[in-house]
There are 2 protein chains.
Amino acid sequence: MKPPPQTRIVRELPKLVPFVGPEAQERVRGRPFKARLGANESLFGPSPRAVRVMADAAADNWKYSDPENHDLRQGLARHHGVDADNVVIGEGIDGLLGLAVKIAAEPGAVVVTSDGAYPTFNFHVAAQGAELVKVPFRDDREDHDALLAAVQQRNAAVLYLSNPNNPMGSWWPAAQIERLIAALPDGVLLLLDEAYCDTAPADAIPPLDMANAQVLRLRTFSKAYGLAGARIGYALGERDLIATFDKVRNHYGINRIGQLGALAALLDQPYLTEAVGKIGRARERIADIARSNGLAPLASAANFVTIDCGRDGAFARLVLDELLARDVFVRKPGVAPLDRCIRVSCGRDEDLAFFADALPEALAAARNGHPQK
Amino acid sequence: MKPPPQTRIVRELPKLVPFVGPEAQERVRGRPFKARLGANESLFGPSPRAVRVMADAAADNWKYSDPENHDLRQGLARHHGVDADNVVIGEGIDGLLGLAVKIAAEPGAVVVTSDGAYPTFNFHVAAQGAELVKVPFRDDREDHDALLAAVQQRNAAVLYLSNPNNPMGSWWPAAQIERLIAALPDGVLLLLDEAYCDTAPADAIPPLDMANAQVLRLRTFSKAYGLAGARIGYALGERDLIATFDKVRNHYGINRIGQLGALAALLDQPYLTEAVGKIGRARERIADIARSNGLAPLASAANFVTIDCGRDGAFARLVLDELLARDVFVRKPGVAPLDRCIRVSCGRDEDLAFFADALPEALAAARNGHPQK
């Protein structure tokens, strides 16, 4: 009896997980968080109509979901003014990123992203055995010129870009994104992660162009729609590119309740508008809390606000740890110079009140543990 | 603007989907089925406790699920008398089969299965660029000796085996499975698909041996537990093998309601016992219906009965089509000589009454369209 060998790529992968969840932290701490503001979920919850649909679907969960996701794709096609053949559903944007890399990047191919951008993407690139090239942020935004230069110099297969951006909340206007798209070398696939598009200014999101097979637009029900637990993401793109996903996706991978809940949430646009309004007000409240503690909130187009703690990454880490110790779950960017910040998700008044109470103490404790140099 | 190239493996993949769902058939037909007996779902539904837990979880679906699946893994570990490190959760057995192939089979490696066995496995093998070697069934069961011979001759990396078997419902006693395990060449990974273990005779399922890193036991909540829509499968195996899945799985791929519902279903073993009893009685009823129509039901350890229609695959195809035309959704094996059969999932009395009514007409119509040679 000898254990089976692993493939070369898998053998060489580090044992890293993209994100440790708040539940794991709660298990270590031995008590729950009182404010869950670290995962960019929507504490305003999903549409009550979607809740009703999902609750009603529980008894029918003995049925497999429709593997073609027909009704949800039709709904999304109508909503976006595209064809259902331009839409593929996945287990969150995460699942679709993995498939996109599998489709477009040979092992050994170069994939370009920004240093400090979404780590789950990097995880999927590693699992494909592709080479990840990281371009630094510039002024807390992705540096389009440097990204394009890296793509050209390294003959990259795939470029990842998020707009609005996580973890900084920054964004580029649509015109700038369109310039980047126009400048893409032939054959490069742009994965444009628009998880936070619903909370962005209208002029940040380029119109959909389903004729351009070089651009995949990635969207989700996890953020403004308030359905992170449902694991329903989708990609919009040119029909041949979208059809390719059918060659590799887990056709029966989508859960039935999430499939139905996402459609119900999509059809309740008044609720989305209301939720986006609440998210906007929560952004202002978080920024106020930051300023009243002498910290600098970054402008945000997402459902979170990233706060510059004013010193280095070690200090921001202390602030974060002190907030966690006060039962406030938040996260922070991991790569310098972004790591001077903490990232606080939008929440209800009561969640943010908890954060407002904890922040002065956390800052004082952090300053105590990390005297100004 | 030039479309991005696809990887060689993806480019060469056929545009095949593992299964067309009943919903797609209903859309083509323009009307719903009246008996849904084709997907080996449990028409008896999940535990009412699980239904309550899932319905109650709808409002909290704004939260991501715990990416470690901690509580469900602990529950499964207790249930099976193993350690939580021996358990990995996936988006159904389908998702886990894809990951297992990615872990153990280099592109170009040989993977052995039975001809006519679970097609989604073959789909994943193709997507990995591995070579699939198919061994014929023998007497409507997997041919262990021939499978082992193929593994040895072709120096295979992976062997797939289901017990009980889909699509025939046949099974081998545990002692025979253990003989096959003992005879596995060093380094070969056996994927032992036990989706139907809950409805099998106790002596068909070998005891768990978590020390053997060559065997992965695949289980699901989709069959006897009645939670196909939840997409919760799991694998039991040696801890280093299980840990490898963390290198490649979609950590946030599991939906929260399904995760909670599966645990609630697991904890309601009395309901499972009741459901298994109903499934057993439904098997007998399906066999009676077959016999009273002059057809031969195969003995089944699964939640379906495969019925020998007594002629060739073309005739069984006609019988199937006539049943579909009479609003009874069933499926059939696709590979000769298994394809002489149709496969009918267990259902409630009212579902099987519908099948009992439709079968004589369907047979008559099929015989009309396909005179005895």
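Two residues are in contact if their C-beta atoms, placed from the backbone, lie within 7 Å. The model is predicted, so local features need pLDDT of at least 70 and side-chain atom pairs count only at pLDDT 80 or more, while totals for chains, interfaces and linings use all residues. Residues are numbered from 1 along each chain as its sequence is written, and chains are lettered from A in the order in which they are written.

**Exercise 1.** Describe the surroundings of A:Val319.

*Solution.* Step 1: locate the residue. A:Val319 belongs to helix α12 (residues 313-325) of chain A; helices (H or I, at least four residues) and strands (E, at least two) are DSSP runs, numbered from the N terminus.

Step 2: classify the residue. A residue is buried if 20 or more other C-beta atoms lie within 10 Å of its own, exposed if 12 or fewer, and partly exposed in between. A:Val319 has 27 C-beta neighbours inside 10 Å and therefore counts as buried.

Step 3: list the contacts. Neighbours within four places in sequence are left aside, and A:Val319 is then in contact with A:Cys309, A:Ile342, A:Ala362, A:Leu363 and A:Ala366.

**Exercise 2.** Determine how strand β12 of chain B is placed.

*Solution.* Step 1: examine burial. Five of the five residues of β12 (residues 341-345) of chain B are buried, so the strand is largely enclosed by the rest of the structure.

Step 2: assign the directions. B:Cys341, B:Arg343 and B:Ser345 point one way from β12(B), whereas B:Ile342 and B:Val344 point the other way.

Step 3: find the partner. Two strands pair if DSSP finds at least two bridges between them. β12(B) pairs in the antiparallel sense with β10 (residues 304-308) of chain B over five bridges, and B:Phe304 stands opposite B:Ser345.

**Exercise 3.** Characterise the meeting of the two domains of chain A.

*Solution.* Step 1: state the bounds. Domain 1 covers 8-45 + 270-369 and domain 2 covers 48-268 in chain A; these bounds come from an automatic or database domain assignment.

Step 2: count the contacts. In chain A, 27 residues of domain 1 are in contact with 30 residues of domain 2.

Step 3: identify the elements. On the side of domain 1 of chain A that touches domain 2 of chain A, α11 (269-292) and β10 (304-308) of chain A each give two or more residues. The most come from α11(A), with six residues.
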